[in-house]
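Please consult the model shown below alongside the text.

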Amino acid sequence: MIRASGVEKSYQGEAVLRGVGLEVRAGEAFGIIGPNGSGKTTLLKLLSGLETADAGEIVLDGRPVGSYKRKELARWLAVLQQDALPPVGFTVREVVEMGRYPFQNWLGEEPGGEAGRIDSVLDCMGLTAFADRPVERLSGGERQRVALAKAMAQRPRVLLLDEPTTYLDIGYQMQLMNLIREWQQGSSLTVVAVLHDLNLAAMYCDRLLLLDGGRPVCVGTPREVLTPARIQDVYGAQATVVRHPTTGAPQMLLEPGAAATTSGKPSSII
């Protein structure tokens, strides 16, 4: 589905990504994690075609991502960012309808219309009651649901997430990630997510790519990637890793007062 090899990217002579490679399978939930400044968002921009790599190759469904025209690419993938909604002046329904732009002609018309689909998406996201409300009158969690509904209306085969839960409380974080998982599993959607929260990444991703200083550290299942030693090496934090009592996913318990230079062997009870 998505393959990247030898990807390099620099800004003003400073290398941000160096020798990055990955392969995302169709229908997979793939997470990109790493410390601040490790190149996660830059890599997502390259995968989305928003920016061009200085070196290396990024292929979507057998074709270089740069060979797709903008509207053609938008029929393939949607991007959900931290706050991707228009600032003011649009209702919830109008924003969700924007997801159909890649399928409209130059007059802004779509053969057959999609009114029924928009209603279905609003209902699925629990937004029917808010359909005529301006988006600026919504809470942060409600706004992210609208952004996800807009992406759902687009009917992409690939959904790219750029830290979509950063400004949400834990209730809205879980609600958003559960909605994305239900969508993914119900339609074989491929998801590539940049996530700051390692515990969320472990619970919702099939595999993870760990970046550090713009370089790939490892790729594997959450249990393979999120080890106490690696968390200390990359994040400079000591952690105990435990199994989630329901899902079995690894979960990080940070050790208070422990710094990167603290001696002692990291612990795990998995």
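The protein chain has 9 helices and 13 strands, where helices (H or I, at least four residues) and strands (E, at least two) are DSSP runs numbered from the N terminus. Its radius of gyration, taken over C-alpha atoms, is 20 Å, close to the 18 Å given by the globule rule for 270 residues, so the chain is as compact as a globular protein of that length. The globule rule is 2.2 Å times the number of residues to the power 0.38.

**Basis**
- The model is predicted: local features need pLDDT of at least 70, side-chain atom pairs count only at pLDDT 80 or more, and totals for chains, interfaces and linings use all residues.
- Residues are numbered from 1 along each chain as its sequence is written, and side-chain values use heavy atoms, leaving out hydrogens and water.

**Extent and burial**
- Along its principal axes the C-alpha trace spans about 65 × 40 × 35 Å.
- Of the 270 residues, 47% count as buried, meaning under 20% relative accessible area (1.4 Å probe, protein chains only).

**Strand pairing**
- Strands β1 (residues 2–11) and β2 (residues 14–24) run antiparallel and are joined by 7 bridges; two strands pair if DSSP finds at least two bridges between them.
- Ile-2 has Val-24 in β2 as its bridge partner.
- The hairpin of β1 and β2 leaves 2 residues between the strands, and Gln-12 in the turn has a positive phi of about 50 degrees.
- β1 also runs antiparallel to β4 (residues 55–60), with 5 bridges joining them; here Ser-5 stands opposite Glu-57.

Note on methods
Buried means under 20% relative accessible area, exposed over 50%, partly exposed in between (1.4 Å probe, protein chains only).
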